[in-house]
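User: I am new to this structure. Please show me how to read a few of its features.

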Amino acid sequence: MTKWVYRFGDGTAEGRAEMKDLLGGKGAGLAEMSNLGLPVPPGFTITTGVCTHFYAHGKSYPAELREQVAEGLAAIERLLGARFGDADNPLLVSVRSGARVSMPGLMDTVLNLGLNDQAVAGLARRSGDERFAYDSHRRFIQMYGQVVLGIENHFEELLENHKLDTGVTLDTDLSAEDWRTIVAGFKDLVAQELGHPFPEEPQEQLWGAIGAVFGSWMNPRAVTYRRLHDIPADWGTAVNVQAMVFGNMGPDCATGVAFTRNPSTGANEFYGEYLVNAQGEDVVAGIRTPQHLTIAGKQASRLALPAMEEVMPEVLAELYQVRRTLEDHYRDMQDIEFTVQRGKLWMLQTRSGKRTAQAALKIAVSLVEEGVIHRDEAVRRIEPASLDQLLHPMLDPTANTTVLTRGLPASPGAASGQVVFSADEAESLAVRGEAVILVRIETSPEDIHGMHAAKGVLTTRGGMTSHAAVVARGMVRPCIAGTGDLRADYAARTMTARNIVMKAGEIITIDGSTGEVMIGAVPTIQPELSGDFATLMDWADAIRGMKVRANAETVVDTSMARRFGAEGIGLSRTEHMFFEADRIGAMRRVIMAEDETGRRAGLAELLPIQREDFAEIFRIMKGFPVTIRLLDPPLHEFLPKTEAEFGEMARLTGKSVGAIRQRAVALHETNPMLGHRGCRLGITYPEIYEMQAAAIFEAAVAVTQEIGKPVAPEIMVPLIATKKEFDILKAIIDRVGRKVLEGAGVSVPYLVGTMIELPRAALRAGEVAETAEFFSFGTNDLTQTVFGLSRDDAASFIGAYQRLGILEHDPFVTLDVAGVGELVRIAAERGRATRPGLKLGICGEHGGDPASIRFCHAVGLDYVSCSPYRVPIARLAAAQAKLSGDLRDGTA
Ligand code: PEP
Ligand code: MG
């Protein structure tokens, strides 16, 4: 018989932390906390397997489920001595969703389930608080009515009307009798809307709630969230049924959430928020601004409300112990939820805490220093792509800024953009390429698309754990929450603080690391790459086997590549050097020349310019290898396109407009991607490659003498399909090299190799390697030629192909292992069979993609080369590839 239900509570559990796939994150955490002896209200988890079954069988349950749920419920009843629906001592439960990964606030929850006219009397007697009992009853009807019965929220209207009728303004001034009247009103509303009465039978309530939670897995908001976060629909959610504990029974009750370390900075400090006399969801909903756990936290946030350390010191002491127990056990920062009922602490959740990239680095490095985890583990824990957050420009601290207001630094990073007040507006402006900051009083799951479209999010209410804060951190958007003195007026489309009124469309800058909201756009500077970042990178560098190089040809990019730790240049695209204003003229004279003599005259003008370009790269790279690729694009790319440009070029070259137009027509290609380009140009116009080779060798000689150690050029021929093409061009390069080097009396250890970017070249790699001294996989062209698809054309439908399951991922981003990757593997094997030490690298875009880097490691490439900004990502991904490879080999 399949086990569909797992119990927990009272110091034991049937589940464990490792069973997340089956029990969901929440269920696994509750089980593990029970096993650790922490105070967890008893309950049970209905597995994600039931969700899968539910959707596979027309929304019906497995046959054994009813009995297993009944047993689970009976176990809770036995432990607490309470009974479902009992008039004396009623058992109340919460019913909550819990998927493998958290989906903040997107699925349904029902609290206080089990209340009916009988049970409420029991609750009133037991708690000694009638008002609380009837308030709980109306909360239950309201929540169940909305979530399970799908009734629109007219409940609040009824409540407001009752307050008007009785002249009461605050909920807290309503009496037990008032709440009883409101409960009756709520039930009438349900009966009217539904055509039958509100379910009084607790079993019926329970199964209604279970069905609603499973149903919410497919609600549109959850579906959108999963799409944005690549979460498969077949994971399903679990359902947790757990005895209620109450944080809203009076001033000695509370509810809260905490991180065992600061989730923004990673500092080793207990970081949490709580609300006195409140129930679970109130903190996350951002309706009241929560108070801090510690006095230090309170002081740092400049909030006046007392810290838990001041009002409930014993509870806080106990929480500190829980924090130690959980961190010791999980060896990682945890995100916890708790409730205090009449001074007693109850734990409701623990999970690995979401954190910023900066915090992830600090926590990983600190845990190594504290002796809790090994360096390898620290390296494994950082998501390579997340480093991107740290590599981009940050606000210039010396800039003059005008601070409009301050709030809580809820998600780090800085962003500037136009103020918008709705998610839809954010989305429509972002589509037009505008940068926007979404300003809301608070956010809800309906705002997700706008938060995604915005560069940053600002809310006037809510705390560090509000919906806006949690979602923004997940999306890596800067966010400031709870800017108390800022008023947002949706109708007037303005926001006001300190008597300054800002309208929709005006520019602000937010700094999610400091909480400052500034008027106008603030200038940015390059980030500092020291501290924990440098430490973790050093560890990664010590682990990895593959080298990491960068694709760069300008001084700016080459210098940046070095700063980010590139160990050479894997691709310098020389054609980029011809497009600049001072060179394009000479290049055009080459193209317009009648004969070889004319071409050589134009090339002679280009030679010194190219030589200086290469010399600059060699200087910056100080002896690291530099792969320079000879001219690749078809010549028409260098010609003008419009009549006006034809005229301008005619003036500059002394040719007629007609002659230029004629040449442009002659060079026009139907499919330039597959045309007269790459080494084919070198074969047709050898003088072009001769000039480039001379420029490379002359620059190498000059810089070798200048820096006193040899530079290492690797000269690369693009787009070969046959060995013969390569051999002809290699002979030219070697001849030019001999002449320059012998003339100068300097020795430069250079290599001549080829791109492998056509399927034929990959398949004939065995013979190509007889003469080629290195291969660099050009997986951009290889993907284009394998799929018969140009990258630009692909953009319009690759997304649809992924949704249809035709492609698992975009092959232009992640190597298609079974196609393009297979050719890379074949070429590597055949090449090395001929020439065992053959140097192998990759310079297509895939060289910066962590999954592709793992593949490159497995195939045995010597290096990957990627854009400068991705170099640190590649360094970390290469280390992780080595670690997982070692695990597979059993060498670690
Ligand atoms: C490639 O084809 O992968 C490559 C690096 O060359 P380019 O992108 O310049 O065609
Ligand atoms: Mg290419």
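User: In which sense do β21 and strand β22 pair, and over how many bridges?

Analyst: Strands are DSSP runs of E with at least two residues, helices are runs of H or I with at least four residues, and both are numbered from the N terminus. Two strands pair if DSSP finds at least two bridges between them. Here β21 and β22 (residues 494–497) pair in the antiparallel sense over three bridges. R487 stands opposite T496 in β22. One caution: this is a predicted model, where local features need pLDDT of at least 70, side-chain atom pairs count only at pLDDT 80 or more, and totals for chains, interfaces and linings use all residues. Residues are numbered from 1 along each chain as its sequence is written, chains are lettered from A and ligands numbered from 1 in the order in which they are written, and side-chain values use heavy atoms, leaving out hydrogens and water.

User: Is L804 buried or exposed?

Analyst: Buried means under 20% relative accessible area, exposed over 50%, and partly exposed in between (1.4 Å probe, protein chains only). L804 has 64%, so it is exposed. L804 sits in the loop between α33 (798–803) and α34 (820–834).

User: How much of the whole protein chain is buried?

Analyst: Of its 892 residues, 55% count as buried. The chain has 36 helices and 34 strands.
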